[in-house]
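Keep the viewer open and follow along.

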Amino acid sequence: MMQNLPIVDLVIIAVYLLAMVLVGVWFSRKNKNAEQFTKAAGLIPGWAIGLSIYATFLSSNTFLGVPGKSFGSNWNSFVFSLSMPIAAWIAVKYFVPFYRSSGEVSAYTHLEHRFGPWARTYAVACFLLNQLARMGSVFFGIALSIQALTGYSMETIMLVTGICIIIYTVMGGIEAVIWTEVVQGVIKTLGAVLIIYLIVSNMPGGIPKIVEIGRAHDKFSLGSFAPDLTTSTFWVVLFYGFFINLNNFGMDQNYVQRYHTASSPREASKSVWLCVWIYLPASLLFFIIGTCLFAYYDANPSLIEPIKLQVAAERLGATASPQRLSTLASTLTPADYGDKVMPYFMVTKIPTGLIGLIVSAILSAAMSTISSGMNASATVFSVDIYQRYIRKDQDDKQTLRLLHVATVVFGLLGMGTGIMMIGVKSILDIWWQLSGIFAGGMLGLFLLGMLSKRAQNHDAILATIVGILVILWTSLSYLIPADYAYLKSTLHANMIIVVGTLTIYLVGVFTASIRGKGNR
């Protein structure tokens with residue numbers, strides 16, 4: 001399956017990577033202080049911020065994970081995108097004005113004002129762990145795809161890509177991140193359209209045949225509408241999507257930091273809506289890609305055999321006999337090898353020259369998300385940890401140097417996390433599970449502080465402890481022995497953020513109301 005890319009494609013990829021680095025060099029001329037590095041002096045137009053947020057959303061988890069998920073199952077995960085407008089409305093109405101009026105570049109400073117230093121530190125820890133999980137899954141996704149095209153090791157691919165991202169992010173700051181993401185958002189959207197065209201043009205019978213096969217295998221389903229929270233129903237993904245998107249727009253440093261780069265609150269609000277209305281149809285493109293690929297290989301089943309044998313070899317090891325490999329390969333389902341299908345199609349069916357463009361699109365999908373995560377993580381570390389607990393009296397030059405070092409460190413940690421993820425079954429599944437675990441407690445505490453005027457420090461502490469215990473129970477109950485099966489959580493993994501958020505908020509509100517009655 002692996003091959004060496006033609007020189008033309010390698011040149012296209014090299015030119016793209018060099019262009020991204022040069023953007024960082026260009027903006028490095030402006031990056032003379034911490035304010036410019038983290039806020040871009042508040043001079044970025046709303047349309048550019050909107051495209052930047054869209055590019056951050058549309059990571060390689062979307063570019064590779066969504067087609068893989070759609071190939072292996074159906075369009076159930078698209079419900080995540082359908083939840084975005086609801087979360088965006090709340091963000092524009094409440095969160096954007098709140099952050100713009102506070103003037104604080106960190107999303108978590110408010111929590112210290114509301115509940116004390118522990119709340120800020122807890123939220124920062126959740127955010128940084130969430131970012132490492134996100135960057136790691138994105139690094140893994142890009143390496144999985146490019147390995148199939150080039151044969152280079154996944155570790156080498158992560159290292160080369162990571163170094164390029166670190167260079168332009170360190171040199172150019174948030175302004176370089178935003179403007180490279182504007183370009184990357186356009187490139188990866190055009191890449192998705194190109195892939196659909198290539199699949200359809202190779203498909204005997206064209207679009208009608210794809211629709212026919214898709215319907216026959218229930219590929220267009222959004223999931224069951226039954227009131228069931230134990231499987232991935234429509235409602236489970238809707239609830240998960242709403243809470244994750246509320247966390248993204250409401251208190252994720254990646255997005256909150258963009259609000260400060262806008263010239264006005266109105267421009268910041270416009271950027272949120274622009275992101276939503278572009279992301280909805282764009283994410284649909286990737287579900288269409290997965291369904292088109294399924295139909296193509298359903299019509300040409302012999303062409304998918306090398307993928308099945310590759311997955312079987314990964315599971316059994318290189319020393320397994322051909323008979324064992326063939327036996328296991330025959331039992332694999334589309335869900336077992338969905339993430340590998342699009343890279344395989346690119347290797348075998350996309351002509352020279354176009355592969356370079358599509359690899360550049362995949363690189364764009366990864367680099368936009370990783371550069372955002374690196375910049376946001378460095379900002380949070382500088383403001384919420386170093387300046388808060390280690391050294392408060394830094395001058396501007398020292399702060400800028402700290403931001404540069406922290407950006408490099410978080411980039412390297414993201415690469416390390418990606419390497420540890422090698423071998424996971426589904427990029428999208430592992431990312432959704434990790435984000436639900438880390439984001440649940442953070443969002444619940446934040447909502448408690450914003451929505452409950454009565455809740456005080458000890459209410460928040462008790463609520464957070466209970467919430468953490470519930471999150472640990474729902475996420476780790478599979479470790480409970482079979483003899484105690486009645487203690488296991490039956491909820492689907494995507495419900496972790498929903499349950500964790502609601503637990504912290506409701507426990508805090510309840511204890512505050514009980515205390516209020518006792519004081520009468």
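Predicted model: local features only at pLDDT ≥ 70, side-chain atom pairs only at ≥ 80, totals over all residues.

Two helix pairs come up for discussion: α1 with α17, and α3 with α12.

**Helices α1 and α17**

- Helix α1 covers residues 7–28 and helix α17 covers residues 354–390; their axes come within 7 Å and cross at roughly 30°.
- Because angles under 35 degrees count as roughly parallel, α1 is roughly parallel to α17.
- The crossing of α1 past α17 is right-handed.
- On the α1 side, the contact is made by D9, I12, I13, Y16, L17 and M20.
- On the α17 side, the contact is made by L354, I355, G356, L357, V359, S360, L363, S364 and M367.
- Sorted by class, the α1 contact with α17 holds eleven nonpolar, three polar and one charged residues.

- The buried residues of α12 are Q253, N254, Y255, V256, Q257, R258, Y259, H260 and T261.
- Helix α3 (residues 46–57) packs with α12 at an angle of about 170°, and the two axes are 10 Å apart.
- Angles over 145 degrees count as roughly antiparallel, which is why α3 is described as roughly antiparallel to α12.
- From α3, the residues I49, S52, I53, T56 and F57 meet Y255, R258 and T261 of α12.
- The contact of α3 with α12 comprises four nonpolar, three polar and one charged residues.

**Buried residues in helices**

- Setting aside neighbours within four places in sequence, A88 is in contact with F249, V272, W273 and V276.
- A88 and G250 are 162 residues apart in sequence, yet their C-alpha atoms are 8.7 Å apart in space.
- Q131 belongs to helix α8 (residues 117–150) and is buried, with a relative accessible area of 1%.
- Apart from residues up to four places away in sequence, Q131 touches D252, N254, G373 and S377.
- L403 lies in helix α18, residues 396–420, and is buried at a relative accessible area of 2%.
- Between L403 and F381 there are 8.4 Å, C-alpha to C-alpha, with a sequence separation of 22 residues.
- D336 is part of helix α16 (residues 334–349) and counts as buried at 16% relative accessibility.
- The side chains of D336 and R315 are joined by a polar contact of 3.3 Å.

**T189 in helix α9**

- T189 is located in helix α9, residues 154–202; at 21% relative accessibility, T189 counts as partly exposed.
- Leaving out residues up to four places away in sequence, T189 touches Y54, L58 and L285.
- T189 and A55 are 134 residues apart along the chain, and their C-alpha atoms are separated by 9.4 Å.

**Loop residues**

- As background, most residues other than glycine have a negative phi.
- R391 lies in the loop between α17 and α18 and is partly exposed, with a relative accessible area of 34%.
- Not counting residues up to four places away in sequence, R391 touches Y386 and Q398.

Technical notes: Residues numbered from 1 in each chain as written. Heavy atoms only, no water. Helix = DSSP H or I, 4+ residues; strand = E, 2+ residues; numbered from the N terminus. Buried < 20%, exposed > 50% of the residue type's maximum accessible area, 1.4 Å probe, protein only. Axes fitted to C-alpha atoms, helices over the stretch in contact; angles between N-to-C directions. Parallel < 35°, antiparallel > 145°, perpendicular 65-115°, else oblique. Left-handed = near helix turned anticlockwise from the far one by under 90°. Contact = heavy atoms within 4.5 Å. Nonpolar A, V, L, I, M, F, W, Y, C, P; charged D, E, K, R; others polar. Polar contact = N/O pair within 3.5 Å; in protein donor to acceptor, adjacent residues only side chain to side chain.
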